Amino acid sequence: MWSETALGLAFVLFLMVIWQKGSLTFPATVSAGVLGTLMYTWTGWLGAAALLTFFVSSTVLSRLNKQEKEQRDSGQVWANGGPMLIFAALSSVASWEGFLAATVGAAAASNADTWASEIGRRFGGRPFHVHSRKRIEIGFSGAVSGAGTLGAFGGALLVGGVVYFISSELNVFMLIAVSAAGVCGCFIDTFLGAYVERMNRCSVCGSYTEAEVHHERETIHAAGIPWMTNNAVNALSSFGGGMVVVVLYIVSFFSF
(Lines give C-alpha, C1' and ligand atoms only; values in the text may rest on other atoms or scores of the structure.)
Protein backbone atom coordinates (compact mmCIF):
# COMPACT_ATOMS: atom_id res chain seq x y z
CA MET A 1 0.00 0.00 0.00
CA TRP A 2 2.68 2.47 1.06
CA SER A 3 4.92 1.53 -1.88
CA GLU A 4 2.06 2.12 -4.32
CA THR A 5 1.31 5.48 -2.73
CA ALA A 6 4.97 6.49 -2.88
CA LEU A 7 5.16 5.43 -6.54
CA GLY A 8 2.04 7.42 -7.37
CA LEU A 9 3.31 10.54 -5.63
CA ALA A 10 6.71 10.24 -7.30
CA PHE A 11 5.07 9.91 -10.72
CA VAL A 12 2.82 12.94 -10.11
CA LEU A 13 5.83 14.96 -8.91
CA PHE A 14 7.81 13.95 -12.00
CA LEU A 15 4.95 15.02 -14.29
CA MET A 16 4.62 18.35 -12.52
CA VAL A 17 8.35 19.00 -12.86
CA ILE A 18 8.51 18.27 -16.59
CA TRP A 19 5.37 20.35 -17.13
CA GLN A 20 6.91 23.29 -15.27
CA LYS A 21 10.11 22.84 -17.29
CA GLY A 22 8.08 23.17 -20.48
CA SER A 23 8.69 19.65 -21.80
CA LEU A 24 4.96 18.84 -21.94
CA THR A 25 1.83 20.90 -22.48
CA PHE A 26 -0.75 20.66 -19.70
CA PRO A 27 -3.06 18.33 -21.72
CA ALA A 28 -0.02 16.16 -22.47
CA THR A 29 0.82 16.04 -18.75
CA VAL A 30 -2.71 14.88 -17.94
CA SER A 31 -2.53 12.30 -20.74
CA ALA A 32 0.77 11.00 -19.38
CA GLY A 33 -0.81 10.69 -15.93
CA VAL A 34 -3.74 8.68 -17.31
CA LEU A 35 -1.37 6.51 -19.34
CA GLY A 36 0.86 5.79 -16.34
CA THR A 37 -2.09 4.97 -14.09
CA LEU A 38 -3.58 2.49 -16.56
CA MET A 39 -0.18 0.96 -17.23
CA TYR A 40 0.42 0.28 -13.55
CA THR A 41 -3.12 -1.04 -13.08
CA TRP A 42 -2.76 -3.57 -15.90
CA THR A 43 0.91 -4.57 -15.65
CA GLY A 44 2.14 -3.53 -12.21
CA TRP A 45 5.77 -2.53 -11.72
CA LEU A 46 6.96 -4.08 -14.99
CA GLY A 47 4.97 -1.90 -17.38
CA ALA A 48 5.20 1.16 -15.16
CA ALA A 49 9.00 0.89 -15.02
CA ALA A 50 9.22 0.55 -18.82
CA LEU A 51 7.00 3.59 -19.34
CA LEU A 52 8.79 5.69 -16.74
CA THR A 53 12.21 4.77 -18.16
CA PHE A 54 11.06 5.94 -21.58
CA PHE A 55 9.57 9.17 -20.24
CA VAL A 56 12.57 10.08 -18.08
CA SER A 57 15.37 9.18 -20.50
CA SER A 58 13.69 10.71 -23.56
CA THR A 59 12.85 13.89 -21.65
CA VAL A 60 16.41 14.25 -20.36
CA LEU A 61 17.88 13.76 -23.83
CA SER A 62 15.45 16.25 -25.35
CA ARG A 63 16.31 18.82 -22.69
CA LEU A 64 20.04 18.31 -23.26
CA ASN A 65 19.60 18.85 -26.99
CA LYS A 66 19.78 22.61 -27.39
CA GLN A 67 17.85 22.45 -30.66
CA GLU A 68 14.82 20.87 -28.93
CA LYS A 69 12.51 23.72 -27.96
CA GLU A 70 9.01 22.44 -28.59
CA GLN A 71 6.64 21.16 -25.93
CA ARG A 72 5.27 17.71 -26.58
CA ASP A 73 1.51 17.61 -26.91
CA SER A 74 -1.03 14.95 -25.93
CA GLY A 75 -1.02 13.54 -29.46
CA GLN A 76 2.67 12.74 -29.15
CA VAL A 77 2.13 11.19 -25.72
CA TRP A 78 -0.56 8.83 -27.00
CA ALA A 79 1.34 8.08 -30.21
CA ASN A 80 4.25 6.76 -28.16
CA GLY A 81 2.31 5.36 -25.21
CA GLY A 82 -0.86 4.09 -26.91
CA PRO A 83 0.71 0.91 -28.34
CA MET A 84 2.18 0.07 -24.91
CA LEU A 85 -1.29 0.43 -23.45
CA ILE A 86 -2.81 -1.89 -26.07
CA PHE A 87 -0.40 -4.69 -25.17
CA ALA A 88 -0.85 -3.97 -21.46
CA ALA A 89 -4.63 -4.35 -21.84
CA LEU A 90 -4.18 -7.60 -23.77
CA SER A 91 -1.84 -8.84 -21.03
CA SER A 92 -4.40 -8.15 -18.32
CA VAL A 93 -7.11 -10.00 -20.27
CA ALA A 94 -5.16 -12.95 -21.67
CA SER A 95 -2.55 -13.33 -18.89
CA TRP A 96 0.07 -14.37 -21.45
CA GLU A 97 3.73 -13.54 -20.81
CA GLY A 98 4.19 -12.62 -24.49
CA PHE A 99 1.80 -9.67 -24.24
CA LEU A 100 3.52 -8.51 -21.06
CA ALA A 101 6.87 -8.63 -22.82
CA ALA A 102 5.35 -6.87 -25.84
CA THR A 103 4.37 -3.98 -23.55
CA VAL A 104 8.03 -3.55 -22.65
CA GLY A 105 9.02 -4.07 -26.31
CA ALA A 106 6.76 -1.23 -27.43
CA ALA A 107 8.33 1.04 -24.80
CA ALA A 108 11.79 -0.05 -25.94
CA ALA A 109 10.89 0.82 -29.55
CA SER A 110 9.71 4.32 -28.57
CA ASN A 111 12.82 4.86 -26.48
CA ALA A 112 15.12 3.55 -29.22
CA ASP A 113 13.57 5.93 -31.74
CA THR A 114 13.92 8.92 -29.41
CA TRP A 115 17.50 8.07 -28.53
CA ALA A 116 18.38 7.56 -32.19
CA SER A 117 16.92 10.96 -33.10
CA GLU A 118 18.45 12.92 -30.23
CA ILE A 119 21.90 11.31 -30.24
CA GLY A 120 22.06 11.32 -34.04
CA ARG A 121 21.12 15.00 -34.04
CA ARG A 122 23.88 15.89 -31.60
CA PHE A 123 26.71 13.61 -32.68
CA GLY A 124 25.84 12.02 -36.03
CA GLY A 125 26.54 14.87 -38.44
CA ARG A 126 24.55 14.95 -41.67
CA PRO A 127 22.56 11.71 -41.82
CA PHE A 128 22.04 9.37 -44.78
CA HIS A 129 18.50 9.22 -46.19
CA VAL A 130 17.51 5.60 -46.90
CA HIS A 131 15.23 6.50 -49.83
CA SER A 132 17.16 9.18 -51.70
CA ARG A 133 20.49 7.61 -50.65
CA LYS A 134 21.96 11.04 -50.15
CA ARG A 135 23.19 13.06 -47.21
CA ILE A 136 20.47 15.42 -46.00
CA GLU A 137 19.99 18.09 -43.37
CA ILE A 138 19.63 17.08 -39.73
CA GLY A 139 16.09 16.56 -38.50
CA PHE A 140 14.41 14.89 -41.47
CA SER A 141 12.60 11.58 -41.05
CA GLY A 142 13.88 8.51 -42.83
CA ALA A 143 17.55 9.22 -42.25
CA VAL A 144 20.18 7.24 -40.34
CA SER A 145 23.63 7.85 -38.91
CA GLY A 146 26.18 5.73 -37.07
CA ALA A 147 25.70 7.65 -33.83
CA GLY A 148 21.92 7.46 -34.14
CA THR A 149 22.02 3.70 -34.70
CA LEU A 150 24.15 3.22 -31.59
CA GLY A 151 21.69 5.44 -29.74
CA ALA A 152 18.82 3.16 -30.82
CA PHE A 153 20.58 0.12 -29.37
CA GLY A 154 21.30 2.00 -26.15
CA GLY A 155 17.73 3.26 -25.76
CA ALA A 156 16.21 -0.18 -26.32
CA LEU A 157 18.67 -1.91 -24.01
CA LEU A 158 18.07 0.66 -21.27
CA VAL A 159 14.33 -0.09 -21.11
CA GLY A 160 14.90 -3.84 -21.15
CA GLY A 161 17.75 -3.62 -18.64
CA VAL A 162 15.84 -1.51 -16.13
CA VAL A 163 12.83 -3.84 -16.20
CA TYR A 164 15.10 -6.89 -16.02
CA PHE A 165 16.87 -5.44 -12.98
CA ILE A 166 13.75 -4.60 -10.94
CA SER A 167 11.39 -7.40 -11.99
CA SER A 168 11.64 -11.15 -11.52
CA GLU A 169 9.14 -11.58 -14.37
CA LEU A 170 11.67 -10.55 -17.04
CA ASN A 171 13.99 -13.42 -17.91
CA VAL A 172 17.03 -13.35 -20.20
CA PHE A 173 14.98 -14.36 -23.25
CA MET A 174 12.54 -11.52 -22.61
CA LEU A 175 15.43 -9.07 -22.18
CA ILE A 176 16.90 -10.10 -25.54
CA ALA A 177 13.48 -10.07 -27.19
CA VAL A 178 12.47 -6.59 -26.03
CA SER A 179 15.90 -5.12 -26.84
CA ALA A 180 15.79 -6.57 -30.36
CA ALA A 181 12.20 -5.40 -30.75
CA GLY A 182 13.15 -1.89 -29.70
CA VAL A 183 15.80 -1.64 -32.40
CA CYS A 184 13.44 -3.17 -35.00
CA GLY A 185 10.77 -0.64 -34.06
CA CYS A 186 13.25 2.17 -34.59
CA PHE A 187 14.10 0.86 -38.08
CA ILE A 188 10.39 0.56 -38.87
CA ASP A 189 10.10 4.25 -37.97
CA THR A 190 13.01 5.07 -40.28
CA PHE A 191 11.58 3.26 -43.30
CA LEU A 192 8.07 4.61 -42.79
CA GLY A 193 9.56 8.08 -42.45
CA ALA A 194 11.54 7.66 -45.64
CA TYR A 195 8.84 6.19 -47.88
CA VAL A 196 5.32 7.04 -46.70
CA GLU A 197 5.39 9.75 -44.03
CA ARG A 198 3.62 12.96 -44.98
CA MET A 199 5.96 15.76 -46.00
CA ASN A 200 4.78 19.36 -46.34
CA ARG A 201 6.17 22.41 -48.14
CA CYS A 202 6.23 25.89 -46.67
CA SER A 203 4.51 28.45 -48.90
CA VAL A 204 6.76 31.20 -47.55
CA CYS A 205 10.30 29.84 -47.70
CA GLY A 206 9.70 26.81 -49.94
CA SER A 207 11.42 24.41 -47.54
CA TYR A 208 10.12 20.92 -46.78
CA THR A 209 8.95 20.14 -43.27
CA GLU A 210 6.85 17.72 -41.22
CA ALA A 211 5.13 20.66 -39.50
CA GLU A 212 1.60 21.67 -40.42
CA VAL A 213 2.42 25.34 -39.76
CA HIS A 214 5.66 27.04 -40.85
CA HIS A 215 6.36 30.79 -40.77
CA GLU A 216 2.90 31.17 -39.20
CA ARG A 217 1.18 29.77 -42.30
CA GLU A 218 -0.30 26.37 -43.03
CA THR A 219 2.02 24.18 -45.06
CA ILE A 220 1.06 22.39 -48.30
CA HIS A 221 1.04 18.61 -48.64
CA ALA A 222 3.96 17.74 -50.91
CA ALA A 223 4.68 14.02 -50.55
CA GLY A 224 3.76 10.85 -48.68
CA ILE A 225 0.40 9.53 -47.48
CA PRO A 226 -1.72 12.47 -46.21
CA TRP A 227 -2.72 10.83 -42.90
CA MET A 228 0.73 9.37 -42.22
CA THR A 229 1.90 12.10 -39.87
CA ASN A 230 4.88 11.83 -37.56
CA ASN A 231 2.55 10.76 -34.73
CA ALA A 232 1.14 7.97 -36.92
CA VAL A 233 4.66 6.81 -37.77
CA ASN A 234 5.65 6.81 -34.10
CA ALA A 235 2.56 4.82 -33.13
CA LEU A 236 3.09 2.23 -35.86
CA SER A 237 6.78 1.79 -35.05
CA SER A 238 6.06 1.36 -31.34
CA PHE A 239 3.30 -1.15 -32.11
CA GLY A 240 5.65 -2.90 -34.53
CA GLY A 241 8.22 -3.25 -31.77
CA GLY A 242 5.63 -4.94 -29.57
CA MET A 243 4.59 -7.25 -32.40
CA VAL A 244 8.20 -8.33 -32.91
CA VAL A 245 8.18 -9.58 -29.31
CA VAL A 246 4.89 -11.44 -29.88
CA VAL A 247 6.34 -13.14 -32.97
CA LEU A 248 9.53 -14.10 -31.12
CA TYR A 249 7.50 -15.65 -28.33
CA ILE A 250 5.35 -17.63 -30.77
CA VAL A 251 8.42 -18.87 -32.65
CA SER A 252 10.14 -19.88 -29.41
CA PHE A 253 7.00 -21.78 -28.32
CA PHE A 254 6.98 -23.91 -31.47
CA SER A 255 10.77 -24.32 -31.43
CA PHE A 256 10.95 -26.15 -28.10
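Trainee: Is Arg217 buried or exposed, and what is its relative accessible area?

Mentor: Good place to start! Keep in mind that this is a predicted model. A residue counts as exposed when its relative accessible area is over 50%. Arg217 has a relative accessible area of 52%, so Arg217 is exposed.

Trainee: Where is Arg217 found?

Mentor: Arg217 belongs to strand 6, residues 217-218.

Trainee: Now the inside. Which residues touch the most other members of the largest nonpolar core?

Mentor: The general idea is that in soluble globular proteins, nonpolar side chains tend to be buried together. Here the largest nonpolar core has 43 residues, and Phe55, Val77, Met84, Val104 and Val245 touch the most other members. Several helices give two or more residues to this core, among them helix 1 (2-20), helix 4 (74-94) and helix 8 (230-255). Helix 5 gives the most, with 10 residues.

Trainee: What does Val77 touch?

Mentor: Leaving aside residues up to four places away in sequence, Val77 touches Leu24, Ala28, Ser31, Ala32, Leu35, Phe55 and Gly82.

Trainee: How do helix 2 and helix 3 run relative to each other?

Mentor: Read the crossing angle of the two axes. Angles over 145 degrees count as roughly antiparallel. The axes of helix 2 and helix 3 cross at roughly 150° and come within 6 Å, so these two helices are roughly antiparallel. In helix 2, Ala32, Leu35, Gly36, Met39, Tyr40 and Thr43 meet Trp45, Leu46, Gly47, Ala48, Leu51 and Phe55 of helix 3. By class, this contact has nine nonpolar, three polar and no charged residues.

Trainee: Which residues of helix 2 are buried?

Mentor: They are Ala28, Thr29, Ser31, Ala32, Gly33, Leu35, Gly36, Met39 and Thr43. To check the length of helix 2, follow its 18 residues from first C-alpha to last: the helix reaches 26 Å, close to the 26 Å expected at 1.5 Å a residue. Just after helix 2, Gly44 takes a positive phi of about 70°.

Trainee: And how is helix 3 placed relative to helix 5?

Mentor: Use the angle again; under 35 degrees counts as roughly parallel. The axes of helix 3 and helix 5 cross at roughly 5° and come within 9 Å, which makes these helices roughly parallel. Their contact includes Leu46, Ala50 and Phe54 from helix 3, and Leu100, Val104 and Glu118 from helix 5. By class, the contact of helix 3 with helix 5 has 10 nonpolar, seven polar and two charged residues.

Terms used:
Residues are numbered from 1 along each chain as its sequence is written. This is a predicted model: local features need pLDDT of at least 70, side-chain atom pairs count only at pLDDT 80 or more; totals for chains, interfaces and linings use all residues. Side-chain values use heavy atoms; hydrogens and water are left out. A nonpolar core is a set of buried Ala, Val, Leu, Ile, Met, Phe, Trp, Tyr and Cys residues joined through side-chain atoms within 4.5 Å. Buried means under 20% relative accessible area, exposed over 50%, partly exposed in between (1.4 Å probe, protein chains only). Helices (H or I, at least four residues) and strands (E, at least two) are DSSP runs, numbered from the N terminus. Contact means heavy atoms within 4.5 Å. Axes are lines fitted to C-alpha atoms, for helices over the stretch in contact, and angles run from 0 to 180 degrees between N-to-C directions. Angles under 35 degrees count as roughly parallel, over 145 as roughly antiparallel, 65 to 115 as roughly perpendicular and the rest as oblique. Ala, Val, Leu, Ile, Met, Phe, Trp, Tyr, Cys and Pro count as nonpolar, Asp, Glu, Lys and Arg as charged, and the others, Gly among them, as polar. The expected span of a helix is 1.5 Å times one less than its number of residues.
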